[in-house]
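Please look at the structure below before reading on.

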Amino acid sequence: MGIELTEQLAMFFRSVLLGGALGLLYDLLRALRSLGGRVWGGVLDSVYCVLSVSLLFFFVMAGDGELRLFFLAGALGGAVLFFCLLSPILRPLWDFWLRILLSPVHLAAGAGKKCCRGTKKLFLRGRNAVTIGWGRWKRRRKRSAVKGDDCDGQAG
C-alpha cells in the first residue's frame, strides 16, 4: 500500500549519491570554465542545469514517479557534502589533468604564433616587393608610351 521505510531510506541514500555526482560534474565543469570567458561559462552553466534537471527527473521517474521532498534534500545534501569534503582535494587534481591534456594545444598555439609572425613578415615583404615592382613597371610603361608618342609625332 505505502512505501516501506527501508525503501525510502535507500532512495534517500541514492539521492545523496546523485547529489554527490552532480557536485562532481559541476567541479569538473568548473575546471573547464577557466578556458573561456563569460559566454563559455554561461554555456557550461546551461549544460549543467539541463543535465542536472534531466538526471533528477529520471531519478524520480525510476522511483514511483512521485517527487518527494527528501529526494531534493538528499541531492542537495550530497552536493554540499561533496563540496565540503572532496572538492578541495580534487580541484587541484582536475586543474593538473586539464593542464596536462591541454599542453599539446598550448605548444601548437605557440608554434602557430611563431609561424604567423614569420608569415606576416613574409607577406609584408612580398607586398612591398610587388608594390615596388608594380611602380617600376608603370613608370617604364609610361616612359615607353611617351617615347613612342614622340617618335610618332616627329614622323607625322
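Helix 1 and helix 2 have axes that come within 11 Å of each other and cross at roughly 165 degrees. Helices here are DSSP runs (H or I, at least four residues), numbered from the N terminus. The axes are lines fitted to C-alpha atoms, for helices over the stretch in contact, and angles run from 0 to 180 degrees between N-to-C directions. Helix 1 is therefore roughly antiparallel to helix 2, a term for angles over 145 degrees. This is a predicted model, in which local features need pLDDT of at least 70 and side-chain atom pairs count only at pLDDT 80 or more, while totals for chains, interfaces and linings use all residues. Residues are numbered from 1 along each chain as its sequence is written, and side-chain values use heavy atoms, with hydrogens and water left out.

Contact means heavy atoms within 4.5 Å. On the helix 1 side, the residues making the contact include Met 11, Leu 18, Leu 22 and Leu 29; on the helix 2 side, they include Leu 44, Tyr 48, Leu 56 and Phe 59. The residues of this contact divide into 14 nonpolar, 4 polar and 3 charged. In this count Ala, Val, Leu, Ile, Met, Phe, Trp, Tyr, Cys and Pro are nonpolar, Asp, Glu, Lys and Arg are charged, and the others, Gly among them, are polar.

The largest nonpolar core has 9 residues: Met 11, Leu 18, Leu 22, Leu 29, Leu 44, Tyr 48, Phe 59, Val 60 and Phe 71. Such a core is a set of buried Ala, Val, Leu, Ile, Met, Phe, Trp, Tyr and Cys residues joined through side-chain atoms within 4.5 Å. Helix 1 (5-33) and helix 2 (38-62) each supply at least two residues of this core. Not counting residues up to four places away in sequence, Phe 71 touches Met 11, Ser 15, Phe 59, Val 60 and Glu 66.

Leu 56 lies in helix 2. Leaving aside neighbours within four places in sequence, Leu 56 is in contact with Leu 18 and Leu 72.

Beyond its neighbours within four places in sequence, Asp 27 is in contact with Phe 82, Phe 83, Ser 87, Leu 90, Arg 91 and Trp 94.

Ser 103 belongs to helix 3 (residues 69-155). With a relative accessible area of 32%, Ser 103 is partly exposed.

Technical notes: Buried means under 20% relative accessible area, exposed over 50%, partly exposed in between (1.4 Å probe, protein chains only). Angles under 35 degrees count as roughly parallel, over 145 as roughly antiparallel, 65 to 115 as roughly perpendicular and the rest as oblique.
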